[in-house]
Amino acid sequence: MATMEVNVPDIGDFDEVAVIELLVKVGDKVRAEQSLITVESDKASMEIPSSHAGVVKAMSVKLGDKVKQGSVILVLETDVIAPAVIASEAKQTPVIATAAPSGLAVTEAKQSTGLPQADGPRNDTGLPHASPSVRKFARELGVPLNEVKGSGPKGRISQEDVQAFSRAVMAGETRTQAQSSKAPAGDGAGLGLIPWPKVDFAKFGPIERKELGRIQKISGANLLRNAVMIPAVTNHDDADITELEAFRVATNKENEKSGVKVTMLAFLIKACVSALQKFPQFNSSLDGDALVYKQYWHIGFAADTPNGLMVPVLKDADKKGILQISAEMGELAKKAREGKLSPAEMSGATFTISSLGGIGGRYFTPIINAPEVAILGVCRSTMEPVWNGKEFEPRLMLPLSLTWDHRVIDGAAAARFNAHLGQILSDFRRVLL
Ligand code: CAO
């Protein structure tokens, strides 16, 4: 254990400033960057952060003291004094608060990163303007001072302002930012969005109101979260499936009596497994700061049912042939339509395909099924003239739309994934390579 002094860092243009708040006391455990004291000049107030982690051994300042750059704030008992950390001390910049000309208390965070955000989010302004006793009062009530509007000169916050804010929150007239961020996503308040439009539709014509089904409500909440939280990008591409379609038709003819019908989706599942194996990040999930690569290939497929969208999962698609995949898919789709899928049959997917091929359309932008990181949307194939270098040839082209999570995948990888998929679909023998 070593002891060290923590000093006031460079505080910019200010010569001497008064200590208006002690944010720690002897015996407190502090983190590096945690605010230790608040100082105030006639223009602004600042929180001074700790350069190191440790336990406060002695306070060297008291309320009302005047301090300047280099003044000792306190003595810290710490077990490491890394030279690199000491070097960074000089770079510290306090969080600065000013009273804006408008009279509103506003905060100016002068540092770029790493300094404490003690009073919640700050824009390019500063700590709220308030006396130490008002700050203490707000802290005791748990009122976020930077959200309180000050009624005093230059927006100074009084005890009455804190009480009024607290009363308004209790009465449900206002929300703290923390409350808003926890608000149900449905009302948009957590995103800081304007409220959903409320329209009396009956004013414009006859209407009928029907409650959403249970599945619609569940999938709606999931889709909304995934749409809002994932930085998703969609790449569109076409695959030439002329030969594959001929093979599919022939296969169905051969297997007519088996009762199993092979659709393009079965081939797509197999082709996707090949692409997922070649580009494993598409078969991963984000877990905090880590990527979890799954060494199994379970493919979910969106099924349209009378109750809404369901996503049964075809397990271990890498180990199954096209006929088995088709048979299992048929069973799962039937169960989905009858509302008989078990939770196990809907979980564990590593990638999802949403096929509208049986219905129509050209391209669309499917929403990723979190915690997966990509989804393939497929539309109806059409015969198109394709230039073969000498002439236009009629080819059956399948439109593909790959949506991917940009936190995990980049555009080049997505383009390669689609290109690989296209190669497999145009010559399925490549699956064997
Ligand atoms: N291009 C051209 N035709 C296609 C095709 C494609 N990409 N995909 C399927 N077809 C054809 C099939 O060959 C079949 O033709 P026939 O009736 O002549 O034999 C017909 O379309 C119907 O196929 P299907 O839909 O029954 O079978 P599938 O394996 O393609 O799909 C399933 C199964 C369960 C995925 C599908 O029925 C379904 O529910 N699709 C909707 C998925 C959905 O809603 N996605 C959107 C989610 S986002 O809201």
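1. Start with helix 7 and helix 9 (residues 411-426): their axes cross at roughly 135 degrees and come within 9 Å. The two helices are therefore oblique to each other. Their crossing is right-handed. Keep in mind throughout that this is a predicted model.

2. Which residues of helix 7 and helix 9 meet? Helix 7 supplies Phe-267, Leu-268, Ala-271, Cys-272, Ser-274, Ala-275, Leu-276 and Lys-278. Helix 9 answers with Phe-417, His-420, Leu-421, Ile-424 and Leu-425. By class, the residues of this contact are 10 nonpolar, two polar and one charged.

3. Is Leu-265 buried or exposed? Its relative accessible area is 13%, below the 20% cut-off, so Leu-265 counts as buried. Leaving out residues up to four places away in sequence, Leu-265 touches Phe-301, Met-329, Ile-353 and Ser-355. There is also a pairing across the sequence to check on screen: Leu-265 and Gly-358 are 93 residues apart along the chain, yet their C-alpha atoms are 9.7 Å apart in space.

4. Now the other helix pair. Helix 2 (residues 132-141) packs with helix 3 (residues 159-170) at an angle of about 20 degrees, and the axes are 9 Å apart. An angle under 35 degrees counts as roughly parallel, so helix 2 is roughly parallel to helix 3. The crossing of helix 2 and helix 3 is right-handed.

5. The contact between these two helices draws on Val-134, Phe-137, Ala-138 and Leu-141 of helix 2. From helix 3 come Gln-159, Val-162, Gln-163 and Ser-166. Five of the contact residues are nonpolar, three are polar and none is charged.

6. On to the charged pairs. How many salt bridges does the count come to? The total is 17. One of them joins Arg-395 and Glu-243, with N to O at 3.0 Å. This pair ties together distant parts of the chain: Arg-395 belongs to strand 22 (residues 392-405) and Glu-243 to helix 6 (residues 242-254), 152 residues apart. Arg-395 is buried, at 13% relative accessible area. Glu-243 is partly exposed, at 45%.

7. Arg-395 and Glu-243 also belong to a salt-bridge network. View the four residues together.

8. A further salt bridge joins the side chains of Glu-384 and Arg-362, again given as N to O, at 3.0 Å. Here too the pair links distant parts of the chain, 22 residues apart. Glu-384 is in strand 21 (residues 382-387), while Arg-362 is in the loop between strand 19 (351-355) and strand 20 (374-378). Glu-384 has a relative accessible area of 19%; the cut-off for buried is under 20%, so Glu-384 counts as buried. Arg-362 is partly exposed, with 38% relative accessibility.

9. Arg-209 and Glu-211 form a salt bridge as well, and their closest N and O atoms are 3.7 Å apart. Are these two residues buried or exposed? Both are exposed.

10. Next, a loop residue. Ser-381 lies between strand 20 and strand 21. With 26% relative accessibility, Ser-381 counts as partly exposed. Setting aside neighbours within four places in sequence, Ser-381 is in contact with Ile-241, Leu-396, Met-397, Leu-398 and Pro-399. Ser-381 and Gly-357 are 24 residues apart in sequence, and 6.9 Å separates their C-alpha atoms.

11. Last, the whole chain. What does the protein contain in helices and strands? There are nine helices and 22 strands. The protein has 433 residues, and 42% of them count as buried. Take the contacts between residues at least 6 apart in sequence: 60% of these join residues at least 24 apart.

Definitions and conventions: Residues are numbered from 1 along each chain as its sequence is written. This is a predicted model: local features need pLDDT of at least 70, side-chain atom pairs count only at pLDDT 80 or more; totals for chains, interfaces and linings use all residues. Side-chain values use heavy atoms; hydrogens and water are left out. Buried means under 20% relative accessible area, exposed over 50%, partly exposed in between (1.4 Å probe, protein chains only). Helices (H or I, at least four residues) and strands (E, at least two) are DSSP runs, numbered from the N terminus. Axes are lines fitted to C-alpha atoms, for helices over the stretch in contact, and angles run from 0 to 180 degrees between N-to-C directions. Angles under 35 degrees count as roughly parallel, over 145 as roughly antiparallel, 65 to 115 as roughly perpendicular and the rest as oblique. A crossing is left-handed if the near helix is turned anticlockwise from the far one by less than a right angle, and right-handed if clockwise. Contact means heavy atoms within 4.5 Å. Ala, Val, Leu, Ile, Met, Phe, Trp, Tyr, Cys and Pro count as nonpolar, Asp, Glu, Lys and Arg as charged, and the others, Gly among them, as polar.
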